[in-house]
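Subject: A structure for you to look at

Hi there,

Here is the structure I promised to pass on. Have a look at it first, and then read my notes below.

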Amino acid sequence: MKLMNNYIKLLAGAALLLGCREIQDVPSPSAGTADFSKYVAVGNSLTAGYADGGLYEEVQKQSYPLMIANQLREVGGGAFSQPEVQGNGSGYLRFAGLDASGLPVLEAEEADPSFLQNLSNGPNFGNMGVPGIRVVDAAVPNYADFNPFFARMFPGESAPVSYQDVLTSSDHTFFTMWMGNNDILGFAASGGVEGVGSPSDPSTGWMDQITPTSIFSGAYAALTAVMTAGDQKGLLISVPDVLDGAYFTTVNATLLPLLESPAVAPLVTFDQATADQANLLYLLGGFNGANFVEGINLPMIQLGPGTSNDVRAFLPEEDLALLTFVEVQNEILVNGMGYLNSTNVTTLLTDIATVEAGGSVPTPLIIVLGLITGDDATLAGLTLQYVGARNAGADAATLDRIAGQVSLATGGQVDLNVLVPAAEAEVGTRALLAPIPTQYVLDNGGSDNYPNEIESVKTATTAFNAAIKSIADANPNLAYYDIQPLLDQVIRGYYVDGVTITGGYITGGAFSTDGIHLTPRGYAVAANGIIGAINNNFAASISPVLVNQYRGVEFP
């Protein structure tokens, strides 16, 4: 199901403790001004207890809402249930160690056969986290048809019309709401590959787009109105910067050292002539903006959506190579992805030999100078000039002059119009080109035709949080909690009773193997941040969670 494939969820933040050590001496427990007898957590995968690319039993039982509910029992909190999964649940990614090059090895654990069986608690769940749901999806009719995580939570014959309808009958006394990341994450995690369709119809591909702020604000306000219809109190949690997750921050640090390594550097180091010819090759192939230079070159990346013809060199200080980039990293080493497709170049070298022997070839002859030697290099360079001149509408005399040079270089007559048919020139050239596809990089601009993808994410995050805070400020029963400073602490390094938690992939302790969601330890820190905000805003005294009772990434 396409929707499930789009459920790459964002990391959440980690939590605010008062100081760098766990607090053991706390005031007497008190509910303050709130009634916690029926606590409900509204949210997406972060709320559901999703980790390691899946929803499975072990981590679901360590979700931050369940941690909070356990602490609320000391101040009048009641029973709290979750839409439980068994065993491997939807399946997940297990860390299995490092390969020979030092890269993490992830092994997929298969889904439990019972995962999609419908449950029966329905609106009675305390944890109403639904992986994949966006704010804009909350009022979508028949949402169960689009999201299996939602569908399994209710009996099939009485599946609710919408998520919002379910919350109407939840009978809660206090709630937390942490939603909004998925209204950005689909775009960010897909490298800015935009779908098309209506923001209110999840069947049309909108998951890959950022929800327009006006639509987000209205949908969030409507959802909040449902949760406060009985004057209930609640805490609205901000949308963290999704780009702080390990999914977006891991690869950049390793890519440049890879390109500078002895095994790879000779393949990506050009002299000026080679760089010029490579840039011309991209231009002839219909790509705009190739900027190879003398020296070590970073790979060309595709800007904008998947249909874009705009490229430029990857900028490690500005662009973000996604965690999925490891899927194409070997293609850089083996087939020249980001530079030229070495397999097709080799094929065309054979074509050159055929032409020099007086034969003809079925494929266009366009080779970059520097990848071949001697007369072959001369022939390739002149051929590029010929195709470029012809595509630019040069007169017959100019074309004849270049063709004559080709003939001199090969010692025989070569009909370039046969060798490189005009209709095939661009198609054939593209067979040699291999820019990094857009879905592996979130770029920081560089094209007049497409927006700056990173700026688009940050702008939306700021706008969404302004809308959430405005809604909270307008209702005396609501409070707003900005979790971003907490996330910033974790990224820098967060010390808790002898253990340092960071945002590093695998070893940091906060992010799970999918690089987006938290580990149980990360969720414990998040729970404490939320508990601290509840205490501060509702005059409560609720004890924090003991963070180090929970694990980070599990090592083999």
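Which residues of helix H10 (residues 252–259) are buried? They are Asn252, Leu255, Leu258 and Leu259. Viewed along the axis of H10, these buried residues sit within an arc of 120°, so they line one face of the helix. The arc is taken from the directions that lead from the helix axis to the C-beta atoms. Buried stands for under 20% relative accessible area, exposed for over 50%, and partly exposed for what lies in between (1.4 Å probe, protein chains only).

Before I go on, a word on the source. This is a predicted model, in which local features need pLDDT of at least 70 and side-chain atom pairs count only at pLDDT 80 or more, while totals for chains, interfaces and linings use all residues. Residues are numbered from 1 along each chain as its sequence is written, and side-chain values use heavy atoms, with hydrogens and water left out.

Now the whole chain. The protein chain has 21 helices and 15 strands; helices (H or I, at least four residues) and strands (E, at least two) are DSSP runs numbered from the N terminus. Of its 556 residues, 57% are buried.

Next, the sheet. Five strands make an open sheet with parallel pairing, in the order S4-S1-S5-S6-S13. Two strands count as paired if DSSP finds at least two bridges between them. Strand S4 (127–129) and strand S13 (478–481) are at the edges with a single partner strand each, so one side of each has no neighbour in the sheet. On average, neighbouring strands here are turned by 15° against each other, direction ignored. Strand S6 (residues 233–237) runs parallel to S13 and is joined to S13 by four bridges. In S13, Ala479 is the residue opposite Leu235.

Helix H21 (residues 520–538) lies across strand S5 (174–178), S6 and S13, at about 130° to S6. Axes are lines fitted to C-alpha atoms, for helices over the stretch in contact, with angles from 0 to 180 degrees between N-to-C directions.

In the segment after H21 you will find Ser541, which is buried, with a relative accessible area of 11%. Ser541 touches Pro27, Ser28, Pro29, Ser30, Glu74, Val75 and Asn535, leaving aside residues up to four places away in sequence; contact means heavy atoms within 4.5 Å. A polar atom of the Ser541 side chain lies 3.2 Å from the backbone oxygen of Ser28.

Enjoy exploring!

Best wishes

Conventions. A polar contact is a pair of N or O atoms within 3.5 Å; within protein, one must be able to donate a hydrogen and the other to accept it, and residues adjacent in sequence count only if both atoms are side-chain atoms.
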